[in-house]
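Trainee: Please take me through the structure shown below, one topic at a time.

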Amino acid sequence: MSLSARTPLDDLERYYDAAPRSSARAEDFGPLTLFVREGTGWHYYARPALGHAGPVTAADVDKVRARQRELGAPEAFEWVAEVSPGLRAAVEESGLAVHEHPLMVLDPEAPAAEPHPLVRVLDPDDPLLHAALVVPQLAFAAPGTGVGPAGPDELAAEITARAGDGRARQVAGRIRAGHSAMAAAIEDGLPLCSGMHNPVGPVTEIVGVGTLPAARRRGLGRAVTAALVADARARGAATVFLSAGDADVARMYATLGFRPAGTALIAEPIDA
């Protein structure tokens with residue numbers, strides 16, 4: 001493909017294939033690639049093999065799911081609907097549920113947002129790194145944008161419960177290597193919102209932006225995202241993208257200059 005024929009989704013496809021390889025190994029399943037984590041940290045997923053243009057069958061999906069079960073990994077698949085339109089039917093025939101999320105790319109001409117006084121980018125030795133990684137766990141356990149009951153007490157308990165999970169050590173290593181950056185909104189010594197971006201060359205994805213439910217409706221998710229955008233631009237990123245949780249969250253990202261680019265699909269077992 002010539003450079004002139006490439007589209008933003010082509011760049012994202014290359015990113016999706018490259019990004020997990022800094023901390024996972026890739027296993028080839030023909031039309032699908034399964035990324036398997038190396039060491040501790042979060043599990044990865046399967047997705048269409050880069051450049052594969054042919055059909056994917058339910059049998060192909062079943063083979064990957066069997067391998068995921070063997071590894072003790074989640075039976076998860078991620079892809080872009082517009083790039084791999086036939087995969088949805090195959091994963092649904094295999095028995096998985098598919099969730100849609102707006103895929104958005106930052107307008108290169110979007111003006112920078114004003115920095116928020118509570119938000120900072122964390123360095124790998126920041127004592128709040130572990131706590132900042134815990135915040136999205138509580139956030140995503142209570143989906144939506146409404147204020148919820150989980151607050152500082154629940155966060156403190158979860159920080160203690162997850163003290164030995166190894167994620168902070170892994171993320172600190174990724175920050176040192178330039179594979180990740182993390183920002184957090186911090187008040188009274190506790191992170192109330194956090195998120196990351198994971199650069200690969202000139203492309204980076206903003207991921208895991210979550211706000212402690214009791215601290216919602218204060219603009220902290222927007223402020224953390226803005227800090228990640230600023231950090232990505234300072235690193236020379238030409239393409240910044242993300243997947244919004246739903247249409248309401250997408251509208252918030254739109255105020256920062258993110259524009260619709262497609263539909264990100266996530267498949268998982270129906271009872272997950």
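Mentor: We begin with a definition: a residue is buried when its relative accessible area is under 20%, exposed when it is over 50%, and partly exposed in between, using a 1.4 Å probe and protein chains only. This is a predicted model, in which local features need pLDDT of at least 70 and side-chain atom pairs count only at pLDDT 80 or more, while totals for chains, interfaces and linings use all residues. Residues are numbered from 1 along each chain as its sequence is written, and side-chain values use heavy atoms, with hydrogens and water left out.

Trainee: Is D188 buried or exposed?

Mentor: D188 lies in the loop between β7 (181–187) and β8 (190–200); helices (H or I, at least four residues) and strands (E, at least two) are DSSP runs, numbered from the N terminus. The relative accessible area of D188 is 78%, and D188 is therefore classed as exposed.

Trainee: Which value does phi of R217 lie near?

Mentor: Most residues other than glycine have a negative phi. R217, in the loop between β9 and α7, is exposed because its relative accessible area is 66%. Phi of R217 is also positive in a residue other than glycine, near 70°.

Trainee: What share of the contacts in the protein chain with a separation of 6 or more joins residues 24 or more positions apart?

Mentor: Of the 272 residues, 49% count as buried. A contact means heavy atoms within 4.5 Å. For residues 24 or more positions apart, the share of contacts with a separation of 6 or more is 72%.

Trainee: How many residues does the second, separate core have?

Mentor: Within the largest core, M182 is one of the residues with the most contacts. Beyond four places in sequence, M182 touches residues including L129, I175 and L228. The second core is separate and includes V36, A46, F77 and V98; the number of its residues is 16.

Trainee: At about what angle do α4 and α6 pack?

Mentor: Axes are lines fitted to C-alpha atoms, for helices over the stretch in contact, and angles run from 0 to 180 degrees between N-to-C directions. Helix α4 (residues 129–141) and helix α6 (residues 167–177) have axes 9 Å apart, and their angle is about 110°. The two helices are therefore roughly perpendicular, a class that covers 65 to 115 degrees, whereas under 35 is roughly parallel, over 145 roughly antiparallel and the rest oblique. The angle to note is about 110°.

Trainee: How many nonpolar residues are in the contact of α4 with α6?

Mentor: On the α4 side are L129, H130, L133 and Q137, which meet R167, A168, V171, A172 and I175 in α6. Ala, Val, Leu, Ile, Met, Phe, Trp, Tyr, Cys and Pro count as nonpolar, Asp, Glu, Lys and Arg as charged, and the others, Gly among them, as polar. The contact has 1 charged residue, 2 polar residues and a nonpolar group of 6.

Trainee: How many of the 13 residues of α4 are buried?

Mentor: The buried residues of α4 include L129, A132 and P136, and they pack against β6 (119–122), α5 (152–161), α6, β7, β8 and β9. Helix α4 is largely enclosed by the rest of the structure, because the number of its 13 residues that are buried is 10.

Trainee: What distance separates the C-alpha atoms of T204 and V240?

Mentor: T204 is in strand β9 (residues 203–211) and is classed as buried because its relative accessibility is 0%. Among its contacts beyond four places in sequence are Y15, H197 and V240. T204 and V240 are 36 residues apart along the chain, yet their C-alpha atoms are separated by 5.1 Å.

Notes
Core = buried A, V, L, I, M, F, W, Y, C linked by side-chain atoms within 4.5 Å.
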